[in-house]
Amino acid sequence: MGILSLLIFIPFFTAMGVVFAPSPKSVRWVSLIGTGIHLILTFFVTIEYFNLASADSQLAIQQLSTKLYMVEKFDWFKSFGIQYYLGVDGISMSMVVLTSIIIFTGVLASWNVENRSKEFFALLLVLVTGVFGVFLSFDLFLFFMFYEVAVLPMYLLIGIWGTGPKEYSAMKLTLMLMVGSALLLVGILALFHASGLHTFDLIQLANVKFPKDFQNWVFPTIFIGFGILGALYPFHTWSPDGHASAPTAVSMLHAGVLMKLGGYGALRIAVYLLPEGAKEWGLFFMGLTTINILYGSLGAIKQKDLKYFTAYSSVSHCGMVLFGVATLNLMGFKGAVLQMFSHGIMTGLFFGLIGMVYGRTHTRIIPEMGGLVKVMPWLGVAFYIGGLASLGLPSLSGFVAESQIFMGGFFGNQWHSVTAMRVLTVLSTMSIVVTAVYVLRGLGTVFLGPIQDKHHEELTDATFTEKLTTGILIFTMFVVGIYPRVLVDMIEPAIYPILNRLNM
Amino acid sequence: MNLSLELMAPEIIVLATGFLILISDLFQKSKNENKASSILAIVGIMLAACSGLFLTDAPKETLGGRFGLDQLDLILKEILLLSAGLVIMISPAAMKEKSEQKITHFSEFFTVILFTLSGMMFLVSSRDLVTLYVSLELATIPLFALTAWTKTDKSGEAGVKYLIMGAIGSAFLLYGLGFIYSITGDLGLKAIQTTLTASQLTNPSLYLAGALILAGVGFKLTLFPFHMWAPDAYQGAPTPITAFLSVASKGTGLILAIQLLLKVMGFLLQPFVFGIAILATLTMTLGNLVAVRQNNLKRFMAYSSISQAGYLLMGFMTTKPEGLTAMVFYMLVYALTNLAAFGVLIVHIHQTGQEDITSLRGISKANPLLALSLMIALFGLAGIPPLAGFVGKFFLFSIAAQVGYYWLVAVAALNSTVSLYYYLRLVRQMYIEPENPQSQKLQISPMSILGLGIATVGSVVAGLIPYIYDGILATSSQWLQVWLKI
Amino acid sequence: MHMILNSPWIIPALPLLSFIIVGLFIRPLSPKIAAVVATLSVGCSFLLSLTLAWLFFTGPNPSQLSIPWSFEWLRFQPGLNIQMGFLLDPISAMMLVVVTSVSFLVHLYSMGYMHDDPGYGRFFTYLNLFTFSMLGLVISPNIFQMYVFWELVGVSSFLLIGFYYEKPSAVAASKKAFIVTRFADLGFLVGILLLGFLGYQVQQKLGSSDSLIAGLQSLDFQFLTHPTVLSELSNTGFLAIALVLIYIGAAGKSAMFPLHIWLPDAMEGPTPVSALIHAATMVVAGVYLVARMFPAFSTAPSALEVVSWIGLFTSAFAAIIACTQDDIKRVLAFSTLSQLGYMMFSLGVANLEHPLGYTASMFHLFTHAFFKALLFLGAGAVIHAVHTNDVWDMGGLRKKMPITHATFLIAVLAIAGVWPLAGFFSKDEILTAALEGGHYVHFIGGLAVAGLTAFYMARIYFLTFWGKGRTKATDHAHEAPFVMLLPLLILSVLSISAGWIPFAQYIHPLVQSAQEHSGHHGLNWTVVLSGSSMAAIGLLMSWFLYAQNDFNRVNNWISNFQGLYQVIKKKFYFDEIYLFITHKIIFRLIAGPIAWFDRHAVDGSVNLTGDAVQKSSSIITLIQTGQLQTYGVWFVLGTAVTLIFFWMTLL
Amino acid sequence: MLISWVLVSLLLFSLGIYGVLTRRSAVGLLISVELMLNAAALNLVVFNRFLFASRMDGQILTIFVIALAAAEVLIGMAILVMLFRRKKSVDVTQLSQLKH
Amino acid sequence: MIFYLLTFVILVLALATVLTRHIFRSAIYLMGVLALSAGYYLLLGAEFLAGVQILVYVGGIVVLIVFAVMLTQSQDLIHDHPSRLRKMLGFLTSATFFGVSAWALLNSHLNKNIEMPSDAQFSAQIMGKAFLSTEGNGYILPFELISILLLTVLISGIVLAKKEKV
């Protein structure tokens with residue numbers, strides 16, 4: 001049971017522990033301890049990773065195939081070429097850190113879930129096991145298996161503990177994500193059979209030079225398959241409904257982490273294995289994601305419900321991730337991974353706070369609330385910091401990621417027309433203004449100005465657990481914002497193999 | 001004259017148990033006491049299964065080439081024994097309650113099931129058309145009676161429909177076999193296969209025979225145009241028999257298809273892969289689409305099993321070992337998952353008397369474990385990891401991809417998404433809908449719990465441990481080596 | 001003493017440190033100590049920057065640009081790494097002194113001004129944050145770091161303007177300020193992207209040949225102002241566009257003409273804030289940016305033209321509006337606008353051949369910071385006393401508040417450009433630069449603006465301090481407390497003496513080639529005469545109209561230009577235009593339809609597929625009629641079709 | 001000639017199909033099924049006689065078919081009798097309680 | 001020649017069984033068809049088979065059917081005339097089936113005017129040996145299976161048909 005398998009299965013064992021936990025009260029503590037241990041373990045794994053990776057970060061620049069650390073590899077379905085193959089490189093490491101933080105704060109944020117709390121925490125932890133599995137597995141079959149494990153608990157979580165039209169949105173969400181994974185299945189099977197070598201191992205498949213026209217149809221299939229989860233433009237409609245009716249921790253986890261699976265998969269599988277296809281389709285998807293970015297932010301201006309407001313903003317930010325992936329150059333990729341990390345933290349914070357505000361005012365309609373900062377200063381300040389991070393204020397993680405993506409988009413690559421890329425980049429940079437407009441407008445109405453509803457006067461400020469949740473997330477955002485080399489050094493060596501394969 | 005009858009040990013044990021139950025019924029004092037006969041039946045099946053394990057050496061034939069046994073046949077027999085055993089374990093739950101759905105005459109019930117089971121096992125190892133046809137009839141005709149066992153309007157109607165369609169099916173099959181006979185002259189499967197490979201393929205009567213045989217097989221496997229009987233028969237029959245139909249009878253259909261289509265006409269399949277793809281698409285799409293609006297639990301399971309037949313058919317698209325393995329593996333996984341689902345449904349339907357989906361509301365509150373195992377079974381059928389259904393479906397879809405039919409993989413994947421929709425409809429009734437007040441605690445006998453447990457655990461574990469798949473792959477590549485020389 | 005030279009990062013670190021400590025720990029405990037700590041920290045950094053400037057200017061090579069300290073912050077591409085560091089050169093030393101001094105005085109002043117305000121601690125934390133980000137902006141060695149602190153300055157101004165978050169108008173003003181500056185920063189960011197791209201290409205080309213360039217990153221100022229690089233850049237043709245884009249960022253921050261609407265509304269914030277941010281420091285960031293990029297601007301004359309003409313227009317435009325405003329802080333805001341226009345167009349008229357404009361602009365920035373801060377703090381003292389901003393409710397405060405009156409008078413004279421005071425020298429330099437540079441239109445415009453400035457400053461002076469108290473509040477107005485008066489006194493001394501500092505000797509653009517300028521100190525008499533006469537006319541006019549306490553003369557003037565007067569008073573209706581554009585067009589015509597489109601069309605299509613499945617399934621279920629014989633028909637037809645299909649594949 | 005025999009058995013088979021598809025009474029259905037099975041059996045014997053006279057496989061299979069037909073009719077009658085006792089009619093067109 | 005006569009009569013009787021309105025008459029016609037097909041077997045030289053046919057089919061099955069007809073005599077179904085649509089549909093389907101198969105058969109290897117070969121070693125004892133011999137081409141296994149099948153059918157038949165002691 002190597003350390004990486006431990007990373008994947010600690011949440012699962014905690015889920016088992018939760019199921020057999022004596023009293024509903026202790027359920028929260030068991031899951032908190034579980035995720036706490038996981039956070040500490042992730043911390044040590046990161047340190048370990050840095051020692052291992054720093055040795056050869058220089059020669060990473062010429063490398064053709066991804067260099068994996070702490071590898072665990074043994075045969076599973078030997079006759080079918082399937083292995084239990086875990087490894088970690090820069091990109092997966094950053095994503096594992098993100099997920100670990102989000103699940104820890106997610107458990108903290110759902111501290112007062114009473115109704116069937118055992119099943120709630122168990123399902124939440126199973127979902128996170130799937131997510132960790134995806135980030136750490138380098139065998140396509142294992143990747144796909146964990147990918148679907150991550151998608152399914154969503155139905156029950158939203159269906160049972162959600163609010164509003166929960167069945168409808170839970171069903172819509174699950175079905176659209178399953179359609180995405182259907183496309184993915186076609187792609188993976190096509191890769192497996194067209195590669196000639198009888199294996200699902202990602203690293204070996206990368207060495208295969210797939211024929212050009214094969215790549216031209218497999219790349220969009222896989223990219224759109226992941227794009228559906230990463231809120232690509234026409235397939236994003238599940239995200240506003242899904243997040244609006246999901247409970248706090250679920251939408252924190254979903255928007256924060258699950259939507260990153262889309263970006264991660266697009267980068268790790270679509271671009272890495274099918275470079276020709278990427279060159280063929282890059283510009284098209286860049287255009288699509290530009291719509292995604294502008295459309296998401298413009299759509300958020302008129303939203304009345306706080307959760308729809310955040311859902312649209314995360315559609316726009318996830319569009320930026322896919323935009324970064326579609327730019328096909330060093331800065332674009334780095335920016336995409338950074339944006340995945342920073343947006344994960346940001347949306348986690350946002351949805352956590354919305355849950356806390358909703359817990360107090362029992363309404364999420366923006367016009368109905370006003371002047372809350374007087375009554376709950378901590379939440380107000382945290383909300384503002386989250387908002388400023390989302391509009392890309394420097395010294396917060398959002399800016400670092402966005403600047404990389406815009407710089408990448410602007411520098412272009414040698415396969416697409418640079419002017420087209422530049423026009424699209426300028427269009428997407430406009431989103432920083434539109435984001436500023438809707439963030440300030442929304443938060444201004446909710447938190448500043450006189451108190452509208454008189455019985456909002458006696459609302460209480462954040463409790464200790466809530467302070468801890470928001471504190472951790474804000475601290476991470478500041479760390480990444482102020483000293484981004486923490487992440488950039490981790491991610492950059494892992495980007496080069498993907499890039500070299502493109503230039504090959 | 002060494003009649004190496006030990007090859008037939010499993011079948012003989014099963015028949016012997018059948019007779020034993022029949023005789024033991026004479027000394028039964030109280031008429032509604034089914035404990036003894038069901039335990040006897042299960043012991044018999046277990047004995048047969050163990051005896052099968054000792055016959056694992058090289059393939060052999062006996063009784064003048066009429067009865068053959070090799071590794072793959074053994075695996076198929078074990079699967080049949082497993083499904084029949086689970087059905088028998090679970091069915092007592094349907095015999096106790098008061099509703100008119102009650103199954104009477106338990107010992108006859110078990111005897112008939114065991115005899116049908118022996119018919120299925122004989123079908124597996126039959127090596128000539130006569131034995132094949134007779135064992136097929138032995139495996140099908142008693143099912144007509146079992147379907148009408150509870151003698152209500154519904155089961156009577158189901159029985160009649162199943163009977164007539166069954167009769168037509170077997171008539172068509174016989175007619176087809178007649179034309180095969182006209183081409184080859186010799187009834188032995190081996191001989192037929194050699195003459196067919198020799199004879200030129202453009203003989204239209206061969207295609208007439210093929211169409212007729214496909215009708216017979218299609219009836220058994222509930223493929224698209226020939227599936228009409230299944231929903232009514234599944235709904236009308238008593239629930240244990242519906243389970244038996246959906247698992248064992250489908251297994252027999254698969255075995256018949258393997259015997260006739262793969263073993264005899266394996267090399268012919270190559271030009272018809274597109275036809276098979278179309279048939280598979282039609283079957284699964286029909287099964288899935290209609291199941292979306294089903295409100296009766298048994299009819300729902302009927303359509304779900306029709307769609308599963310559609311997935312199974314994809315295995316025929318290649319004569320490479322992966323195809324056959326994927327089918328056999330999926331049959332095992334499907335049997336386990338389906339029986340896990342039926343286990344809970346049998347208990348629920350026969351104790352609450354309602355078959356409507358909405359009657360499942362509140363089951364998760366009253367009896368959480370039952371609800372959980374039904375949910376696991378449904379997710380298994382939908383093909384959600386880490387359950388075995390996912391692994392099975394993945395291997396099946398990879399066959400279609402191997403042959404280059406990527407559009408079929410996409411269609412199948414979308415179909416399984418639609419299937420997820422209607423399986424989730426059930427999960428929604430169980431977990432999300434508000435509980436109806438009078439959902440009471442269902443009592444379930446320890447044996448049924450054992451059966452349910454085996455099925456549910458099996459449906460999870462079969463996907464994780466690799467040895468099952470690898471074992472089946474080894475045997476099927478060896479089998480193909482023997483029969484089709486690939 | 002040289003410790004400060006090689007570790008100058010202490011200067012910005014002090015306000016940051018105190019921001020964190022005060023903000024998180026001290027403020028909740030006791031606001032009083034928080035204020036003291038905050039003020040002390042800014043004070044220390046003021047002293048340190050003073051010594052740094054002193055050491056720098058008296059040091060061996062006073063105009064030598066150097067980066068004593070920096071660390072690698074963010075890696076974009078191998079040739080494009082961003083170093084976070086400290087750049088020391090004449091204008092940054094000067095700016096350091098200006099920022100820290102004004103900030104320290106404003107801290108002192110607000111101890112008194114904000115005395116009984118509930119958010120007392122919070123105010124000082126925001127001030128510290130602002131000082132830190134302004135210092136960061138000033139010392140940044142590359143344009144990216146400047147952008148980073150540019151945004152931070154924008155946020156702190158947002159927080160300070162919206163300090164009274166209870167008042168919806170303050171909230172709206174802060175939101176407007178942030179969004180307008182954010183819009184300008186969009187231009188700035190695109191400019192940086194373009195410049196980065198061009199610079200990167202040039203660096204790749206020249207990097208091999210020239211070792212100095214190879215060492216630099218393509219966004220560093222040293223690189224962007226390097227003559228060979230600039231010549232290379234200018235013949236790519238994109239340089240002018242990039243510089244104009246960057247100028248948009250500067251125009252947004254310094255509230256140049258199209259983006260000026262946020263500055264008058266920014267007066268919603270407390271007066272010390274307006275004094276610090278909207279007079280001395282933040283608004284001049286734009287000028288500082290253009291000055292920093294001056295060598296690049298001068299190689300692209302078209303960009304320089306844009307700068308000069310917008311500067312001139314803004315100064316004239318703002319001066320005209322200032323004459324009609326009633327709110328004392330609005331008048332001062334518009335006067336800042338016009339003075340900024342002055343600095344901008346003085347930069348615009350200059351170029352590398354005769355850099356007088358550059359020096360004049362920096363000089364005016366230096367002096368303007370002091371007397372404008374003084375004006376604002378004086379106005380603050382007056383508002384503190386009479387609790388109203390409207391000039392017509394004041395009057396006759398000369399006797400009640402003698403020291404404020406004295407300092408205010410000095411400031412008014414300084415800004416009007418009366419001889420001994422600072423304003424005279426810096427404005428004079430600008431006008432001479434315009435004259436000698438051959439920009440006659442600018443010269444005449446400048447003169448007119450000087451006259452107008454004198455007029456409206458004198459107007460508010462007479463209306464507040466002369467004549468009788470027009471409301472009873474003016475009767476029991478009392479002198480401001482000492483802690484508020486001390487900064488006023490210091491600033492008035494500075495306003496007087498600032499003019500005499502020999503600026504030209506230290507500040508000139510061509511830092512590398514520090515050839516000695518001819519004694520430029522001599523005044524150009526024609527400019528002196530015309531400037532002073534215009535100032536005198538302005539003063540007399542407003543004395544004539546407003547000092548005699550009977551305003552019918554003014555009223556009948558206004559009555560015959562009624563239409564024009566109203567238009568000017570309403571600030572040419574620009575606010576309404578912007579509101580119309582954002583609310584009507586963007587919100588209702590673009591955001592609304594998109595939100596509707598998303599909910600109905602895109603979402604609708606997804607639901608459509610769902611309904612299609614339901615519809616088709618209800619149709620297909622119908623073939624299961626329950627009739628046995630229909631099943632038979634399907635069965636037999638199925639076989640027939642299969643046979644035909646087999647046969648088809650056979651042929 | 002062989003083809004005429006085969007056509008006759010085919011005709012009988014088709015008539016059987018027609019009977020199954022049109023008869024209203026369940027017993028009529030069973031009768032038509034018997035007809036079809038008989039046609040198939042005839043077909044076998046014809047092939048045996050014409051093509052492979054040296055062996056008797058065809059006839060052996062026919063005998064088994066006859067036995068199977070007997071079994072089928074028996075079960076059919078049992079179900080029909082049971083159904084008749086409950087519904088007092090064996091009209092197949094009425095038997096459509098299980099549908100859709 | 002006899003073949004044509006027999007065929008004509010059989011076809012007429014078959015048509016009658018299928019078309020008559022009275023169920024009872026259709027059973028009788030069926031008996032006629034089965035008897036005459038025994039004649040066919042005789043024509044083809046399979047005497048034993050003809051005997052079995054007469055015995056089992058005509059003697060057993062038709063009698064059983066007649067009993068069933070008697071048992072399920074119900075007033076409303078005396079005249080069993082199916083609806084027009086049902087008849088039309090039935091006719092169309094069986095006609096297509098007949099047409100397609102006939103077309104297939106006519107083009108197949110059977111249509112090469114093969115005459116009836118003169119010699120045919122059909123004899124009862126070959127048949128008997130085939131049924132019971134265990135090696136060679138013996139069919140002992142299906143023989144046993146048929147017995148099991150008949151037993152099962154008997155059991156379930158009794159269970160289904162017996163009157164419930166209510």
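Predicted model: local features only at pLDDT ≥ 70, side-chain atom pairs only at ≥ 80, totals over all residues.

Colleague: Start with the interfaces. Which chains share the most contacts?

Modeller: The size of an interface is often given as the accessible area lost when the parts come together. Here contacts between residues are counted instead, a pair being in contact if their C-beta atoms lie within 7 Å. Eight pairs of chains are in contact, and of these chains D and E share the most contacts. In that pair, 72 residues of chain E meet 59 residues of chain D. On the chain E side, two or more residues come from each of α1 (2–19), α2 (23–43), α3 (47–71), α4 (84–107), α5 (124–132) and α6 (140–161). By class, that side of chain E has 48 nonpolar, 18 polar and six charged residues.

Colleague: Chain D also touches chain B. How many residues of each are in contact?

Modeller: The count is 33 residues of chain D and 32 residues of chain B. On the chain D side, α1 (2–22), α2 (26–50) and α3 (57–87) each supply at least two residues. The most come from α3(D), with 17 residues. That side of chain D divides into 25 nonpolar, four polar and four charged residues.

Colleague: Which chains does chain A not contact, and how far off are they?

Modeller: Chain A has no contact with chain D, and their closest C-alpha atoms are 25 Å apart. Nor does a contact join chain A to chain E, where the closest C-alpha atoms lie 38 Å apart.

Colleague: Now a single chain. What does chain C contain?

Modeller: Chain C has 29 helices and two strands. Along the principal axes, its C-alpha atoms fill a box of roughly 115 × 70 × 55 Å. Of its 651 residues, 58% count as buried. Among contacts in chain C with a separation of 6 or more, 80% come from residues 24 or more positions apart.

Colleague: How do I read a helix pair, say α21(C) and α22(C): parallel or antiparallel?

Modeller: Two packed helices are described by the angle between their axes and the distance between the axes. For α21 (residues 422–436) and α22 (residues 440–465) of chain C, the axes come within 8 Å and cross at roughly 155 degrees. That makes α21(C) roughly antiparallel to α22(C), because angles over 145 degrees count as such. From α21(C) the contact uses Lys427(C), Ile430(C), Leu431(C), Ala434(C) and Leu435(C), and from α22(C) it uses His442(C), Phe443(C), Gly446(C), Leu447(C) and Ala450(C). These residues divide into seven nonpolar, two polar and one charged.

Colleague: And burial within one helix? How many residues of α11(C) are buried?

Modeller: A residue is buried if 20 or more other C-beta atoms lie within 10 Å of its own. In α11(C), twelve of the 15 residues are buried, including Leu239(C), Ile246(C), Tyr247(C) and Lys253(C). Among the elements that cover the buried residues of α11(C) are α6 (143–161), α7 (168–207) and α16 (301–322) of chain C. Helix α11 (residues 239–253) of chain C reaches 21 Å from its first C-alpha to its last, close to the 21 Å expected at 1.5 Å a residue. Just after α11(C), Ala255(C) has a positive phi of about 50 degrees.

Colleague: For contrast, where does Gly119(C) lie?

Modeller: Gly119(C) is in the loop between α4 (90–113) and α5 (120–139) of chain C. With 17 other C-beta atoms within 10 Å, Gly119(C) is partly exposed.

Key. Residues numbered from 1 in each chain as written. Chains lettered and ligands numbered in written order. Contact = placed C-beta atoms within 7 Å. Helix = DSSP H or I, 4+ residues; strand = E, 2+ residues; numbered from the N terminus. Nonpolar A, V, L, I, M, F, W, Y, C, P; charged D, E, K, R; others polar. Axes fitted to C-alpha atoms, helices over the stretch in contact; angles between N-to-C directions. Parallel < 35°, antiparallel > 145°, perpendicular 65-115°, else oblique. Expected span 1.5 Å × (residues − 1).
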